[in-house]
Amino acid sequence: MGGPSTHVWLDSWRWGAENESLWGGWVKMLSLNRISEWDKYLIRAVVLGASLFVCVGMWGQTGDSSSAASSSSSSSSSSSSSSSRSGAESWRVTRESENGDVNPTRTVESHVRSGNRTADTQTIERRGENGNYEPYQDIEKESVQVNGTTVRTTTRTFGLASGERTLVQQTEEEKRSLPSGDVKVVRATSNPDGNGNLQVVQREVEETKKIGADVKETKTTVMLPGIDGGLAEATRIVEREKRSGNVVETEKTTLLPDGEGNWQVGEVRRSTVKQEGENSSREEVVSRPDGDGKLGVVSRTVKQESGGGVEKRETVDSYSEDVPGTPRDGSLHLVERETTVQRSGDGRQNTVRQVEQVDAGDPGAGVRVSIVTTDAVRTGTSGAQATETVEMRDVNGSMGVVRVDTAKSDNVRAVQVQIGPEKGK
């Protein structure tokens, strides 16, 4: 896939981030800043593009796009049906994507909800030597509401090499919510061994408890196979959230084993969120130990949101001690600025997202525009139509269109761009 997606489908992004068997490793790499900004962009594009299908289930017409031979294009279509009488719901989405010299792919996503069960299936196909699409990967996810407090979810990923459908990973999750507000999640990921038998390769236990009127604490334990073959604790995460009026403070500490039976701090993330009417701000500071084990700040992110109604604006400034093309000097420097402006009115919504980054070839020049994404949404009595255009700076320093996507839907919310704080946070 080529080109980054904007915030058109934030709900689908959250789904992708929660699907640990498929996206968890990518999400962790992004958070740990262990890869380049360019690789981060590519990973975001893949994750957001794939998770798009969860949110576009109500697409009712066909959208297509075209661009120059060196750019990418994609088209989507879907059908949906629902019954308010029985509570059942189903939809299907088909999307084809082409990106320059990359082998074209087609993804078919289906969703069925009936009673206490929800089933999602995603089939990824790639073009074969004969020019026809061939199955490549299937992902099946089923959630069952066991009772008023328990939900069980099973996700299976199948490889389809040489036409044979083979299970490559399975994740089972059980989430229990108590009347007190406490929540416990147990998740186990298994891979088949040489004989095809499933073996647990990762187990997570996440417990959230209220320890005060405005304070809650979440403890997560991650277990991986040890040297003896059994599961052993590999990571401990403790996150504490405190609310005071319009301010939310969070501290998240990650602990790692030192190999001698002790636990050492691997990372500390502190964030503060303030809400004042239509305006809000969020600041996060990340600290990690140096070679001597002393904690030091390695990055800082400041997010500002303002406006409402016809115009909203969001700015995210990212500072890091790692600047492309330069050695560390012990200070934090601005490495990326992301600005989003959204204007709405008369049945139209226009959102422009601009990303400025440091050029490794000329780091002293500061940040400059590297990616511009424009989303235009038109709504009417029959639904909505959206067009997303992505421009990117090439090696010669010129901006050019690399991707154009169009979508039509009988559900306005499926294509609206959302900026601002996530619901439920």
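**Paired strands and two residues**

Reader: What makes strand S5 and strand S6 (residues 150–159) a pair?
Author: In this predicted model, 9 bridges join S5 to S6, and the two strands run antiparallel. Pairing needs at least two bridges. The 9 bridges meet that cut-off, so S5 and S6 count as paired.

Reader: How many residues lie between S5 and S6 in their hairpin?
Author: There are 4 residues between them.

Reader: How do you know that strand S4 (residues 117–127) pairs with strand S5 (residues 133–145)?
Author: Count the bridges again. S4 and S5 share 11, in antiparallel order. The cut-off is at least two, so this is a pair too. Thr 121 stands opposite Glu 140 in S5. The hairpin of S4 and S5 has 5 residues between the strands. In that turn, Gly 131 has a positive phi of about 90°.

Reader: Which strands pair with S14?
Author: Strand S13 (residues 263–276) is joined to S14 by 9 bridges, antiparallel. Strand S15 (residues 295–308) also pairs with S14 in the antiparallel sense, over 10 bridges. Glu 276 stands opposite Asn 279 in S14, while Glu 283 stands opposite Val 302 in S15.

Reader: What are the turns on either side of S14 like?
Author: The hairpin of S13 and S14 has 2 residues between the strands, and Gly 277 there takes a positive phi near 65°. The hairpin of S14 and S15 has 5 residues between the strands. Gly 293 in that turn has a positive phi of about 85°.

Reader: Why is Ser 287 called buried rather than exposed?
Author: Its relative accessible area is 7%. Buried means under 20%, so Ser 287 is buried. Ser 287 lies in strand S14 (residues 279–289).

Reader: Which residues is Ser 287 in contact with, leaving aside its neighbours within four places in sequence?
Author: Glu 267, Val 268, Arg 270, Leu 295, Gly 296, Val 297 and Val 298.

Reader: Why does Asp 346 count as exposed?
Author: Asp 346 has 81% relative accessibility. Exposed means over 50%, so Asp 346 is exposed. Asp 346 lies in the loop between strand S17 (333–345) and strand S18 (348–358).

How values were computed: Residues numbered from 1 in each chain as written. Predicted model: local features only at pLDDT ≥ 70, side-chain atom pairs only at ≥ 80, totals over all residues. Heavy atoms only, no water. Buried < 20%, exposed > 50% of the residue type's maximum accessible area, 1.4 Å probe, protein only. Contact = heavy atoms within 4.5 Å.
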